[in-house]
Amino acid sequence: MNPLAMLNDHPFWGLLTLAVLVWYSSVTVYVAIRGSWDIKHMLRRLSDQHGNSQESASDAS
Amino acid sequence: MTNFTWIDGSIVGMYLLATMIAGIMVRKYVSRVDHFLVAGREMNVFLGIASLAATEFGIVTCMYTAQAGYTRGFSGSIPGILNALAMFFVGWTGFCVKPLRDSGAITIPELFEQRYGKFVRWLSGVVIVLGGLLNMGVFLRVGGQFLVVCCGMNLKYLEIAMTVLLVGVAVYTIMGGMLSVLVTDFLQFIVMSAGMLVVSVLVLSYVGWDRMVDAVETNYGEGGFNPFVAQDLGWAFVLSNLFTNVASVLTWQTCIARLLAAKDSKTGRRVYTGTAFFFICRWIIPGLWGIAALAMIEPAVVETIGLQFGEKDGSLFAMPFFLAQIVPAGMMGVLVAAMLAADMSTDSSYMLTWGSVIYNDILAPFRRKPWPEKRGILWNRCIVALIGIFLLFWGLWYKLEGNLWEYLQTTGAIYLASMSTLLIACCYWKRANNWGAIAAIIVGAALPVLSLSLNLFVQVPVLDETGAQIVKEGKLVTQGLAKYYVGDNFVNIGTFLATGVAMIVGSLLKPRTSN
């Protein structure tokens with residue numbers, strides 16, 4: 001795979017293809033790291049909500 | 001012949017097990033209906049991006065975008081570029097999506113009730129589910145076909161492959177709803193992305209950019225690079241896809257579900273702008289695989305594979321057949337796991353999405369007072385299961401004819417045209433009312449349903465340049481009536497325009513005093 005050859009012939013599609021490969025590989029790593037934090041925080045907040053609603057239910061009874 | 005071995009089978013098996021465990025483990029966090037449907041609105045930006053990207057890339061996406069590359073060259077990727085532009089614009093400006101998210105609605109029909117009344121909400125729900133389920137109806141079959149061709153499975157195992165896929169997905173979707181979907185989407189995004197990138201590098205190295213460009217030039221000329229000069233594409237193709245992609249960004253329930261599950265409208269819009277470029281990747285990457293198949297596989301071979309599945313057009317199978325030849329053992333397992341990841345994330349999200357519309361909007365009139373959370377969750381689970389059963393039967397019965405993307409566009413248009421019109425009018429036109437909304441919904445559904453029915457039940461013989469009927473394998477080659485005389489692109493454009501007119505005329509006809 002020669003990136004320079006891709007830019008010589010039909011440069012629009014060559015450049016777009018290279019941009020796709022570079023962007024996608026970078027974003028995958030970045031989103032993987034940040035996304036795992038999001039999951040952790042999301043489950044923690046849901047767990048807190050679940051705990052609060054159980055407390056309210058036992059207070060009410 | 002394929003390179004799928006026991007090593008690949010083990011990789012796939014381990015991946016599936018990990019996904020199932022993750023999906024089932026989060027069910028303990030589901031205690032309310034809004035947890036089940038929108039993950040308690042606790043989704044943040046990066047999880048949203050991963051989930052949206054994973055949902056919107058399934059085996060079906062891979063197949064139709066690769067088919068587009070195979071049959072149209074680089075011009076086949078235009079819908080992806082238009083989708084990215086539309087999504088970025090909508091996310092950046094907040095066009096329609098800001099008022100939608102700020103309203104607090106869980107689904108689009110719920111917003112419509114505030115403006116157009118209960119009946120429009122219910123009718124919108126019906127049309128959304130009709131279009132959505134017909135659209136999704138081919139997912140299972142196409143996914144099974146990919147696995148059969150890529151793994152070299154015997155054709156008689158197609159239905160079993162379909163059923164196993166569906167059951168696996170249904171189990172964690174039913175148990176954990178949107179929470180399971182988000183967590184498994186995240187895992188699937190990582191596996192899917194890694195697999196796609198590795199295979200793309202392999203394809204580009206194996207075939208070479210020059211050979212791929214030559215194949216497009218030889219088969220499609222300049223039209224393979226510029227859709228405006230392509231004989232069977234042109235401005236109608238671009239305009240049709242512009243309408244479809246703007247409408248889907250605004251109202252395709254799986255996209256909007258991510259926005260509505262976000263913490264707030266700002267987060268939702270950031271998910272949109274952050275994911276926009278992905279939609280170019282979504283078309284370009286498999287499109288390259290399709291172009292590589294065009295360069296390397298004889299057309300006669302492709303046709304033969306199509307006939308094995310009882311389908312006239314074999315171009316859908318060019319890409320999986322090509323990958324089966326070049327991807328080595330070991331990497332094949334990663335590819336199949338990646339594709340299964342893509343498919344499972346799509347199927348789970350779509351089942352939940354259409355299920356949420358059935359529960360939230362179609363069944364709303366039957367809930368005179370709010371249901372207890374447990375009953376609500378149970379109903380949602382049963383609806384998802386029933387959708388799974390429908391998919392199995394539709395997938396087994398319906399035989400796809402011709403281009404997969406055009407089938408998806410037409411079935412999607414059943415609701416995209418009307419829902420986008422209603423949403424835009426709801427947000428920005430004070431004069432819009434329920435008369436216009438009902439007219440738009442009816443016109444928006446009727447035209448694509450009519451087109452689909454005509455294509456299914458009325459066949460016209462296809463003629464060659466001399467006017468003689470074309471015969472293949474001793475049978476007359478035929479095409480659906482609407483496709484032959486009008487063309488899918490013009491049906492789509494006509495549907496959007498007619499729906500807009502119906503909204504305007506219907507709204508203006510209603511006397512002001514009764515608004």
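I began with B:Asn360, which sits in helix α18 of chain B. Helices here are DSSP runs of H or I of at least four residues, strands are runs of E of at least two, and both are numbered from the N terminus. The model is a predicted one, in which local features need pLDDT of at least 70 and side-chain atom pairs count only at pLDDT 80 or more, while totals for chains, interfaces and linings use all residues. Residues are numbered from 1 along each chain as its sequence is written, and chains are lettered from A and ligands numbered from 1 in the order in which they are written.

**Entry 1: B:Asn360**

Is B:Asn360 buried or exposed? I found B:Asn360 buried, because 22 other C-beta atoms lie within 10 Å. The cut-offs are 20 or more other C-beta atoms within 10 Å for buried, 12 or fewer for exposed, and partly exposed in between, with C-beta atoms placed from the backbone. I then listed what B:Asn360 touches, leaving out residues up to four places away in sequence: B:Ile106, B:Thr107 and B:Glu110. A contact here means that the C-beta atoms of two residues, placed from the backbone, lie within 7 Å. I also looked up B:Glu465, 105 residues from B:Asn360 along the chain; their C-alpha atoms are separated by 53 Å.

**Entry 2: α8 against α18 in chain B**

Two packed helices are described by the angle between their axes and the distance between the axes. I stayed with α18 (residues 331–362) and took α8 (residues 118–136); their axes come within 9 Å and cross at roughly 160°. Axes are lines fitted to C-alpha atoms, for helices over the stretch in contact, and angles run from 0 to 180 degrees between N-to-C directions. α8(B) and α18(B) are therefore roughly antiparallel to each other. Angles over 145 degrees count as roughly antiparallel, those under 35 as roughly parallel, 65 to 115 as roughly perpendicular, and the rest as oblique.

I noted the crossing of α8(B) and α18(B) as left-handed. That word applies if the near helix is turned anticlockwise from the far one by less than a right angle, and right-handed applies if clockwise. On the α8(B) side, the residues that meet α18(B) include B:Trp122, B:Val126 and B:Val129, and on the α18(B) side they include B:Trp354 and B:Ile358. By class, this contact has 11 nonpolar, 3 polar and 2 charged residues. Ala, Val, Leu, Ile, Met, Phe, Trp, Tyr, Cys and Pro count as nonpolar, Asp, Glu, Lys and Arg as charged, and the others, Gly among them, as polar.

I checked B:Val126 of helix α8 separately. B:Val126 counts as partly exposed because it has 18 C-beta neighbours inside 10 Å. B:Ser453 is 327 residues from B:Val126 along the chain, and their C-alpha atoms are separated by 19 Å.

**Entry 3: α9 against α18**

Helix α9 (residues 139–151) of chain B packs with α18(B) at an angle of about 175°, the axes being 11 Å apart. α9(B) and α18(B) are therefore roughly antiparallel to each other. Among the residues that meet are B:Phe139 and B:Phe146 in α9(B), and B:Val336 and B:Met339 in α18(B). I recorded 6 nonpolar, 2 polar and 2 charged residues for this contact.

**Entry 4: α4 against α15**

Next I took α4 (residues 59–72) and α15 (residues 278–296) of chain B, which pack at an angle of about 55° with axes 6 Å apart. That angle makes α4(B) oblique to α15(B). Their crossing is right-handed. The residues that meet include B:Ala66 and B:Tyr70 in α4(B), and B:Trp283 and B:Trp289 in α15(B). I counted this contact by class as 11 nonpolar, 6 polar and 1 charged residues.

**Entry 5: the core**

Which residues touch the most other members of the largest nonpolar core? They are B:Met63 and B:Ala292, in a core of 184 residues. Helix α10 (residues 158–207) of chain B gives the most to this core, with 21 residues. A nonpolar core is a set of buried Ala, Val, Leu, Ile, Met, Phe, Trp, Tyr and Cys residues joined through C-beta atoms within 7 Å. B:Met63 touches B:Val142, B:Phe146, B:Leu316, B:Met319 and B:Leu404, not counting residues up to four places away in sequence.

**Entry 6: chain A**

Buried residues make up 21% of its 61 residues.
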